[in-house]
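Let's take a walk through a protein model together.

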Amino acid sequence: MGSLFRSEEMALCQLFLQSEAAYACVSELGELGLVQFRDLNPDVNAFQRKFVNEVRRCDEMERKLRYLEKEIKKDGIPMLDTGESPEAPQPREMIDLEATFEKLENELREVNQNAEALKRNFLELTELKHILRKTQVFFDEQEGGVNQTTESMTRALITDEARTAGASMGPVQLGFVAGVILRERLPAFERMLWRACRGNVFLRQAMIETPLEDPTNGDQVHKSVFIIFFQGDQLKTRVKKICEGFRATLYPCPEAPADRREMAMGVMTRIEDLNTVLGQTQDHRHRVLVAAAKNLKNWFVKVRKIKAIYHTLNLFNLDVTQKCLIAECWVPLLDIETIQLALRRGTERSGSSVPPILNRMQTFENPPTYNRTNKFTKAFQALIDAYGVASYREMNPAPYTIITFPFLFAVMFGDLGHGAIMALFGLWMIRKEKGLAAQKTDNEIWNIFFGGRYIIFLMGVFSMYTGMIYNDIFSKSLNIFGSHWQMSYNKSTVMENKYLQLSPKEDYEGSPYPFGMDPIWQVAGSNKIIFHNAYKMKISIIFGVIHMVFGVVMSWHNHTYFRNRISLIYEFIPQLMFLLLLFFYMVLLMFIKWIKFAATNEKPYSEACAPSILITFIDMVLFNTPKPAPKDCEVYMFWGQHFVQVLFVLLALGCIPIMLFAKPMLIMQARKLANEEVQPIAGASSDAETGGVSNGGPHGGGGPHEEEEEMSEIFIHQSIHTIEYVLGSVSHTASYLRLWALSLAHAQLAEVLWTMVLSIGLKQEGWFGGVILTCVFGFWAILTVGILVLMEGLSAFLHTLRLHWVEFQSKFYKGQGYAFQPFSFDAIIENGSAAVEE
């Protein structure tokens with residue numbers, strides 16, 4: 001059987017590589033991606049392994065590349081990505097790569113430091129320019145105003161004692177400092193000056209209109225110019241300390257107007273020179289980054305491949321001669337020849353004369369589970385693996401899920417219009433998958449949608465099919481073949497009578513509608529919902545029972561493959577009989593009722609005589625006698641029904657003790673016989689301990705020889721398994737009614753949106769009605785996509801997932817294995833450097 005239906009056969013191999021050829025051989029295996037290496041040094045610290053220095057060198061190169069990447073993204077330079085994956089460089093090329101990265105990093109850091117220094121100098125000159133301009137306004141006021149201002153400042157700053165002293169010593173001389181401060185700090189700065197200097201300073205400030213660039217981080221900041229007048233050295237010291245505390249920058253400002261004008265001219269000249277130098281520096285930086293951006297992707301790939309190779313070589317052992325590396329690995333049995341060819345290519349590349357040796361080992365360990373997938377089956381396999389990775393060589397539900405998953409989804413989501421929207425979205429992602437796959441994004445929601453594009457497409461297509469069966473498109477019907485019902489009602493009666501009913505006996509022509517449901521049900525009033533309920537409820541049970549029977553049949557393949565005779569006879573057969581005798585019989589009753597009890601039939605097989613399937617099934621299980629039928633009607637659907645039902649229930653009940661006791665009793669008997677046979681031999685073991693169960697040979701991973709399980713634990717385990725199956729058969733059958741419930745809810749929501757939203761716009765007339773209809777249609781379309789497609793689609797998806805995980809897979813799938821994780825460059829590059837460390 002192919003690997004799609006069962007996981008690949010795996011083999012544990014021992015690999016001997018010559019030291020000089022090990023790097024090239026591992027590189028070829030990484031390109032191949034079919035070998036999972038085991039760690040042969042689990043007790044050795046990561047810092048004490050042989051190739052730890054090479055791994056550190058790779059970490060350092062990655063750090064330098066990340067620094068270059070950050071600078072390139074900061075400047076918005078596009079990075080060239082050809083989509084190609086260069087081969088892993090030879091070990092001697094590491095030195096060239098290290099030298100290249102070191103040179104680029106040093107050059108870029110030097111350019112950045114020079115640019116930062118120039119920007120800081122430019123900022124200082126710009127702030128000084130604004131100070132000279134703003135303070136010139138303060139000083140260049142009218143001459144009379146200056147004297148008045150000086151006198152008012154003097155009166156404000158000098159106490160009575162100072163005035164007295166000033167009268168004897170001459171006119172008072174005021175000092176000042178000028179600087180720049182962040183605008184948001186100015187109010188607190190002004191309050192602190194007032195309090196600390198007790199109001200003996202005079203502050204004037206003006207905003208700088210254009211934001212200034214912070215040379216440290218490149219952010220735009222808003223600042224203000226200030227000038228503080230004070231008297232005396234003590235206040236001068238206090239003012240400077242406050243400016244320092246608020247990180248205000250003070251600049252020299254001459255008192256004489258001529259000196260200020262001369263300084264302003266010098267500042268403008270230096271700013272122009274700085275602009276020229278800054279432009280040249282930025283051009284040089286841009287050229288360096290553009291050149292690096294062309295090769296950055298390839299450099300990342302090369303470094304990560306080198307690091308992955310040395311990380312893998314750290315898993316190997318050295319032989320006593322220190323000239324040979326020994327590895328152990330899991331490989332798919334079918335790919336051993338391909339792996340040997342890759343090893344030969346690696347040996348030829350390295351120039352070694354000693355060929356590698358790949359030996360197959362015998363082991364009782366459980367091999368990893370490897371299911372080959374392509375871009376179509378990958379998403380369905382991911383749904384199965386999310387529940388649990390299959391045990392080795394266990395039946396894989398994924399190929400059957402490809403059909404059953406979108407079909408059960410479509411039963412709940414059946415609408416031709418909504419399914420078309422979903423199918424077109426999935427088809428668009430499939431047609432554009434190459435371009436969309438190249439545009440990597442961190443948006444998890446988009447990654448989930450894109451990863452499940454084939455699932456979305458199939459769910460949409462199947463929903464279109466079930467929508468045609470239901471004859472439902474945006475809650476309306478398509479009249480393709482014409483109705484097979486003859487009604488004598490006029491138009492007003494059909495449009496206005498909410499209690500209108502269809503009579504199958506009087507109005508039905510007798511020939512079925514060619515495909516799906518007759519569109520006449522769209523205008524039926526009170527019995528439309530009754531008809532749909534009965535129809536969808538029954539098909540939900542039919543699909544559910546068939547799905548569960550198929551799951552039990554799948555367990556037969558597991559029992560036969562692993563040659564588990566006891567489980568095959570005393571578990572599979574009773575489980576299948578229990579399900580068929582009770583629940584599949586109920587499905588047969590539904591078909592019998594549909595065939596025999598038509599509305600046009602005469603009694604005793606008319607619709608009025610049709611018994612209830614649910615009541616019949618309950619009476620059958622409880623051995624109750626059916627209630628008397630109406631006049632001229634039969635109690636039973638077919639001759640001998642009572643005897644058949646009693647027989648089926650007794651046989652089903654008889655399966656329960658077989659499932660409960662047969663397997664533990666046989667295992668206990670086999671152990672007793674085995675103990676009697678091997679009693680003279682100390683420490684002997686027998687296959688009978690496992691009840692004659694074989695798991696497919698030594699490489700098949702039957703598990704290591706462990707101590708036999710206690711009989712009490714076997715009885716408890718079997719009891720739990722039996723009770724879970726018997727009760728689960730009832731609850732799982734009822735669980736499939738969610739197909740009916742969600743289908744009904746989806747149809748009713750679509751009808752509510754049509755009735756309460758879109759029909760309002762359709763009833764409007766004239767040009768104003770066209771405007772109203774356009775707005776209403778937009779609102780209706782948003783609600784349809786948002787609620788009925790996205791939210792209802794997610795709900796139906798989750799319910800379908802539950803039906804597969806619990807109701808279907810629990811019949812045969814254990815999911816207790818572990819995934820095959822080969823050493824693959826593609827996976828490492830896709831997941832980044834984190835995959836190397838795992």
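Is C633 buried or exposed? Keep in mind that this is a predicted model. C633 has a relative accessible area of 14%, and because buried means under 20%, C633 counts as buried. You can find C633 in the loop between α19 (613-622) and α20 (641-677). Looking past its neighbours within four places in sequence, C633 is in contact with K603, P604 and C609. Take P604: it sits 29 residues from C633 along the chain, yet their C-alpha atoms are separated by 4.3 Å.

Now let's turn to charged partners. The structure holds 28 salt bridges. One of them links K64 with E102, with the closest N and O atoms 2.3 Å apart. K64 belongs to helix α2 (residues 52-74) and E102 to helix α3 (residues 93-139), so this pair ties together parts that are 38 residues apart in sequence. K64 is buried, at 7% relative accessible area, while E102 is partly exposed, at 32%.

Another salt bridge joins the side chains of R453 and E433, at 2.9 Å from N to O. Here R453 lies in helix α15 (residues 453-470) and E433 in helix α13 (residues 433-438), so the pair connects parts 20 residues apart in sequence. R453 is buried, with a relative accessible area of 10%, and E433 is buried too, at 11%.

R802 and E807 also meet through their side chains in a salt bridge (2.9 Å, N to O). R802 is partly exposed, at 33%, whereas E807 is buried, at 0% relative accessibility.

Terms used. Residues are numbered from 1 along each chain as its sequence is written. This is a predicted model: local features need pLDDT of at least 70, side-chain atom pairs count only at pLDDT 80 or more; totals for chains, interfaces and linings use all residues. Side-chain values use heavy atoms; hydrogens and water are left out. Helices (H or I, at least four residues) and strands (E, at least two) are DSSP runs, numbered from the N terminus. Buried means under 20% relative accessible area, exposed over 50%, partly exposed in between (1.4 Å probe, protein chains only). Contact means heavy atoms within 4.5 Å. A salt bridge is a side-chain nitrogen of Lys or Arg within 4 Å of a carboxyl oxygen of Asp or Glu.
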